[in-house]
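I opened this one to see how the chain is put together and where a few side chains sit. Notes below, in the order I looked things up.

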Amino acid sequence: MPIREVRAYAELVRAGQGNEAERLHLLHAHRERVRAELAAVQEHLEAIVRKIDVYEGRTGDR
């Protein structure tokens, strides 16, 4: 979560009840960014595995 949003979230928590919808919005947005990052990392890992397979002389699907 970007620092700006961490601060906003912390301020909402300190403010107490009544702003749960705003907190939830921040958390949903954060979850989506993390999911996107995980997908990108998974793609990178798959590319690395393919390259390793080439260098180790393996072919075909795993």
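I started with burial: buried residues make up 10% of the 62 residues in the protein chain. For the record, buried means under 20% relative accessible area, exposed over 50%, and partly exposed in between, with a 1.4 Å probe and protein chains only.

A caution to myself: this is a predicted model, where local features need pLDDT of at least 70 and side-chain atom pairs count only at pLDDT 80 or more, while totals for chains, interfaces and linings use all residues. Numbering runs from 1 along each chain as its sequence is written, and side-chain values use heavy atoms, with hydrogens and water left out.

**Overall build.** I find two helices and zero strands in the protein chain; helices (H or I, at least four residues) and strands (E, at least two) are DSSP runs, numbered from the N terminus. The radius of gyration is 20 Å, well over the 11 Å that the globule rule gives for 62 residues, so the chain is more spread out than a compact globule. That radius is taken over C-alpha atoms, and the rule is 2.2 Å times the number of residues to the power 0.38. I also got a box of roughly 60 × 20 × 10 Å for the C-alpha atoms, taken along the principal axes.

**The helix pair.** α1 covers residues 3–15 and α2 residues 20–55; they pack at about 150°, with axes 10 Å apart. Axes are lines fitted to C-alpha atoms, for helices over the stretch in contact, and angles run from 0 to 180 degrees between N-to-C directions. So α1 is roughly antiparallel to α2 (the label for angles over 145 degrees). I then listed who touches whom, contact being heavy atoms within 4.5 Å: α1 gives E5, A8, Y9, L12 and V13, and α2 gives E22, R23, L26, L27 and R33.

**E5.** Leaving aside neighbours within four places in sequence, I see E5 in contact with L26 and R33.

**A39.** This one lies in α2 and is partly exposed, with a relative accessible area of 39%. I checked A39 against E22: they are 17 residues apart in sequence and 26 Å apart in space, C-alpha to C-alpha.

**K51.** Also looked up in α2, K51 counts as exposed at 54% relative accessibility. From K51 to H30 I noted 21 residues in sequence and 32 Å in space, C-alpha to C-alpha.

Conventions:
Angles under 35 degrees count as roughly parallel, over 145 as roughly antiparallel, 65 to 115 as roughly perpendicular and the rest as oblique.
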